[in-house]
Amino acid sequence: MTKEEVARLVELVAARLADANSTWLPTPTRPEPPGDPTPGNLPAWSGAAQGLSDIAPSRRGGAHPKHRPEYPAIVAAARQAAAARGPAPMPSGSASGAQRAATQRTPREVSIGVSNRHVHVSARDFEALFGKGKTLSVQRVISQPGQFAAGETVMASGPKGKLEGVRIAGPARGATQLELSPSDARHLGVDAPVVVSGKLEKSAGGVTLEGPAGKVTLSSGVIVAQRHLHVAPGDGRSLGVADGDRVALETGPSGRRVTLHDVIVRMGPGHATELHLDLDEANAAGVKTGDKAIIIARSGAPAMGKRRPLLTERDVAGLAARGEKVSAHGPYLLTPAARDRARALGIWTD
Ligand SMILES: [Zn+2]
C-alpha cells in the first residue's frame, strides 16, 4: 500500500467510527423487562443505574462529551496510529489540546467583506437623480445592520472617465458620499483621499452623478474609504480591540500572505464584526468576501489618548538611532525585551 492509500483508508475508517448511524459496531439492544421486578430493587433497564456522564455533555474540564468524539479528532488519532505514533483511535478518545485548538476558530479571526464602488446619497440628491416621490428599493441586505444595497444605480463621470452602474447603498444619509477604489478614482480622474467613511472634510469633488431623472454634480464627498474593521459591541473584548483603535491584520492565501496595517476599528451598536476592504486592496491581498483575517497587532489611538503604544525591541533600536532616550515613565509600554535592549543601548532612564 502506498502512503496515500493508507491515508485514504484511515479516513474511511474514521468516517465509519464517527458515523452515528454506522452499523459497523453492533447496535446495543435493550434487555427485555422482566415480568415482575422485586419491589424496591430498580430493574436494570430503568436507566437509573446508568451514569449521566456518557449522555449529558459535561462542560467540566472543557472535555468533549465522551460518546461523540469529533470527526477531526478521530482522523488525527487514526493518522497517528497508522504512523505508529500514538494509541489506536478508540471511540472514547478525545483530541489533545493542540488538536482541539486546531479545529476551533481562532478567537482573533474576523470575516472579510469586500466593498465594490458604491454611493450613499442624501434624500435631496436621491430626489434629483430619481424624481420626486421615488424611494430606494432594497435589493440585498448587507452584513451591517439596517444597511442594504439598493436596486438603483447611477452613472458617475469625472474629468477623465465614466463608471456606469454605480450601486446606491441605503438608507439615505445626510450627505452624499461616493466611495471608490484608487483604480476607480484614477479612471474618473479625481484625486480622492483615503479617509474614514463619513469624514468628508478633505473629500474630493468634481464628479457628476446621473440618474434617470437628472444629474447632481458633487462639490465634495468623493473618497477612498479607509480600510476599517467593524466590531459588534459584544466582540470587542474577545478581539482585544476598542473603538478608534488602529490594528493590523494578516490575511491572504498561503504563499502570498499579507499584513494590512492602519485598519481603523469602528465599534458600537449598529456594527456587525467584519473587516471592510475595497476591491483594489482585496485583489492585492488575494482575498474575497467571506475569507478570514487575523488581528495580529493593536496600537492605541493617539488622538483619543487613552491607550499607550507598545514599544518593541525594534522601536527601541530606532529611537536609539535617533539619539532619543527611553524612560520607565514615558507615554508608552515596553516589552521586557525592549527594556533590556534600551538598557544595553544605554538609552534607558529609570
Ligand atoms: Zn464598512
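**Zinc site, enclosed spaces and salt bridges**

Q226 sits in the loop that joins β10 (222-225) to β11 (228-231). The model is predicted. Q226 is buried, at 13% relative accessibility. Its contacts beyond four places in sequence are V194, V195, V196, D262 and I264.

The zinc ion is held by three protein donors: H228 through NE2, H230 through NE2 and H276 through ND1. These donors lie 2.0 to 2.1 Å from the zinc ion. Along the chain, their spacing reads H-x1-H-x45-H. H228 has a relative accessible area of 9%. This value is under 20%, so H228 counts as buried. H230 is likewise buried, with a relative accessible area of 6%.

The largest pocket was examined next. Its volume is about 610 Å³. The lining of the largest pocket consists of 29 residues. S115, H118, I142, Q147 and H276 are the closest of these to the centre. H276 is also a donor of the zinc ion, through ND1. Six strands each give at least two residues to the lining of the largest pocket: β1 (109-115), β2 (118-122), β3 (138-141), β5 (162-173), β11 and β14. The largest share comes from β5, with four residues. By class, 17 lining residues of the largest pocket are polar, seven are charged and five are nonpolar.

The space in the largest cavity comes to about 120 Å³. A total of 17 residues line the largest cavity. Nearest its centre lie S115, E179, L180, A225 and D278. S115 is also among the residues closest to the centre of the largest pocket. Two elements, β14 (274-278) and α7 (279-285), each supply at least two residues of the cavity lining. β14 gives the most, with three residues. β14 also supplies at least two residues to the lining of the largest pocket. The lining of the largest cavity has seven polar, six charged and four nonpolar residues.

Salt bridges were then considered. The structure holds seven of them.

The side chains of E127 and K132 meet at an N to O distance of 3.2 Å. E127 is partly exposed, at 37% relative accessibility. K132 has a relative accessible area of 72% and is exposed. The cut-off for exposed is over 50%, so K132 falls in that class.

K288 and D291 form another salt bridge, with their side chains 3.3 Å apart, N to O. K288 is exposed, at 54% relative accessibility. D291 is partly exposed, with a relative accessible area of 22%.

R341 belongs to helix α9 (residues 336-344), and E313 belongs to helix α8 (residues 313-321). The pair therefore ties together parts that are 28 residues apart in sequence. R341 is partly exposed, with a relative accessible area of 32%. E313 is also partly exposed, at 36% relative accessibility.

Helix α8 also contains A321. At 70% relative accessibility, A321 is exposed. A321 and L345 are separated by 24 residues in sequence. In space, their C-alpha atoms are 9.8 Å apart.

Notes:
Residues numbered from 1 in each chain as written. Predicted model: local features only at pLDDT ≥ 70, side-chain atom pairs only at ≥ 80, totals over all residues. Heavy atoms only, no water. Salt bridge = Lys/Arg side-chain N within 4 Å of Asp/Glu carboxyl O. Buried < 20%, exposed > 50% of the residue type's maximum accessible area, 1.4 Å probe, protein only. 1 Å grid on protein atoms, 1.4 Å probe; cavity = no way out; pocket = protein on both sides within 12 Å on 5 of 7 lines; lining within 4 Å. Points joined across faces, edges and corners; volume = space filled by probe spheres on them. Nonpolar A, V, L, I, M, F, W, Y, C, P; charged D, E, K, R; others polar. Contact = heavy atoms within 4.5 Å. Donors = N, O, S within 2.8 Å, 3.2 Å for Na, K, Ca; no water.
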